[in-house]
Amino acid sequence: MISRSQKLNSKLTLTTASALTLQGSPILKRTVTTALAVLKPPPDLTISDWADQNRRLSSEASAEPGQWRTSRAEYQRGIMEAVSDAATETVVIMSSSQVGKTEVVNNCVGYHIDQDPAPIMVVMPTERDAETWSKDRFSPMVRDTPCLQGKIADPRSRDGNNKILHKRFPGGHLTIVGANAPSGLASRPIRLLLCDEVDRYPFSAGAEGDPVNLAKKRTVTFWNRKIVLVSTPTNKGSSRIEAAFEESDQRRFWVPCPVCGLEQVLTWEQVKWDKDENGDHRPETARYHCADCDAAWMDETRWAAISKGRWIADAPFNGTAGFHLNEIYSPWIRLEAMAKAFLSARAGGDETMKTFVNTSLGETWMESGEAPDWQRLQGLKEQWRAGTVPAGGRRVRGGAGQLGLSPERSPRNCERYARHRACAADQLILPFRVPASSCKIQA
Ligand SMILES: Nc1ncnc2c1ncn2[C@@H]1O[C@H](COP(=O)(O)OP(=O)(O)OP(=O)(O)O)[C@@H](O)[C@H]1O
Ligand SMILES: [Mg+2]
Ligand SMILES: [Zn+2]
């Protein structure tokens, strides 16, 4: 309660430097500060700039505690910039594990507490995961990042503004919920929604339906809402993150070869290693081979090349920016470790291969029963003359690719062609290499 005398003693004064100074009761001060924080226009600073200037990594959560550097995992920059971009409503990250996805989520939260206060919701697969994120990731970030200290009430102050799953800060609040808890998902209007590990969410939150859709409904009243969906994928057909990625502009990280300069997406097919004279694998010789000039990149060369990479979209932008990454991009993983993981996964059978495909390649796993067999594919074959568009074709698109496999031989493209009922009307193979820099598109 504010007493009448407190009200009378309180005033707003404009100093000669035109800065707003507040005098009066602490309660009034806090109320006005909160109101002003909401009115403040969002800053020009992007989330990656904010992190580079302010964020500290905590020893509980990181092997490299101390000042955050986006350049440590360069691909994080484009992802955080997309979250800062006013034209982007949804950001989707589908990737292998341990590439720094949750840290991107943490930076989004930290930035909005400090620079652009808003009602925020972080959704984790279960309420237990929500508590773990709050205690092990969020609280240490606030403790160690100077500009966040003091913005969230001290956990010991018992003023109700700092509970494990609900935090208040000037101009906003953070609600942390488990996707298995429908009441949490249906609680408040939200401007920034961050859903981590969406492929581990239950099919339905209680009897209420898809937890991601329930959470998204919280954001509908905000014109400047932002939705971030993050996950390592699971099974083809039931993967939420793959479905979201396919709706996006499907960005992949293109890396220039340090030898020939050709930009390429890093794929597992290009990771090679030797065998000894007995035919035993030597994963310690694993290296990346350029898809064009075949130069071998050892780990240090690969990391240096990745730091010069850039995101390129495969599909038109419609408000959803999608990002795909596999473990080859990770600055923390040596290819030797990936090769060892692959060999033991292959020896272990389908279940362990599924884990490798999901968590190392960042791809969905197709159960062998669901994979199209050759007879079914054969049955789908049609004949038409090269250079003609088959009946039913309404759009003609052109494309160019330089990677090893021709479009119709790549299993990924085969599947994509089938899904979109697309077909190759013609193709032209250039018997020489065209450097990306000299490619021009003319309509
Ligand atoms: N830019 C960075 N600089 C230094 N360390 C980083 C950076 N980004 C992430 N890390 C560290 O890498 C580790 C993995 O990060 P994070 O937990 O965000 O990955 P993830 O992709 O969410 O993994 P998972 O799939 O297992 O959830 C953490 O210890 C994190 O602190
Ligand atoms: Mg994570
Ligand atoms: Zn090359």
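Q250 lies in the loop between α9 (240-247) and β12 (251-256); helices (H or I, at least four residues) and strands (E, at least two) are DSSP runs, numbered from the N terminus. The model is a predicted one, in which local features need pLDDT of at least 70 and side-chain atom pairs count only at pLDDT 80 or more, while totals for chains, interfaces and linings use all residues. Residues are numbered from 1 along each chain as its sequence is written, and chains are lettered from A and ligands numbered from 1 in the order in which they are written.

Although Q250 is not a glycine, it has a positive phi of about 50 degrees. Most residues other than glycine have a negative phi. Q250 is buried, because 20 other C-beta atoms lie within 10 Å. A residue is buried if 20 or more other C-beta atoms lie within 10 Å of its own, exposed if 12 or fewer, and partly exposed in between, with C-beta atoms placed from the backbone. A positive phi, near 70 degrees, is also found in D294, a residue other than glycine. D294 belongs to the loop between β15 (281-289) and β16 (296-297) and is exposed, with 12 other C-beta atoms within 10 Å.

The protein chain contains 14 helices and 18 strands, and 34% of its 443 residues count as buried. Two residues are in contact if their C-beta atoms, placed from the backbone, lie within 7 Å. Among contacts in the protein chain between residues at least 6 apart in sequence, 68% join residues at least 24 apart.

In soluble globular proteins, nonpolar side chains tend to be buried together. A nonpolar core is a set of buried Ala, Val, Leu, Ile, Met, Phe, Trp, Tyr and Cys residues joined through C-beta atoms within 7 Å. The largest such core has 84 residues, of which C108, V122, C195, V228 and L229 touch the most other members. Helix α5 (residues 101-114) supplies the largest share of this core, 6 residues. Beyond residues up to four places away in sequence, C108 touches I47, V83, L192, L194 and V228.

Helix α3 (residues 47-54) packs against α5 at an angle of about 85 degrees, with the axes 9 Å apart; axes are lines fitted to C-alpha atoms, for helices over the stretch in contact, and angles run from 0 to 180 degrees between N-to-C directions. The two helices, α3 and α5, are therefore roughly perpendicular to each other, a term that covers angles of 65 to 115 degrees. From α3, the contact involves I47, W50, A51 and N54, and from α5, N107, C108, Y111 and D114.

D114, in helix α5, counts as partly exposed, with 18 C-beta neighbours inside 10 Å. Apart from its neighbours within four places in sequence, D114 is in contact with W50, N54, C147, L148 and K151. D114 and K151 are 37 residues apart in sequence, and their C-alpha atoms are 7.8 Å apart in space.

Helix α4 (residues 75-84) has 8 of its 10 residues buried, so it is largely enclosed by the rest of the structure. The buried residues of α4 are Y75, Q76, R77, I79, M80, A82, V83 and S84. Their cover includes α3, β5 (90-95), α5, β11 (226-231), β12 and β18 (320-325).

Technical notes:
Angles under 35 degrees count as roughly parallel, over 145 as roughly antiparallel, 65 to 115 as roughly perpendicular and the rest as oblique.
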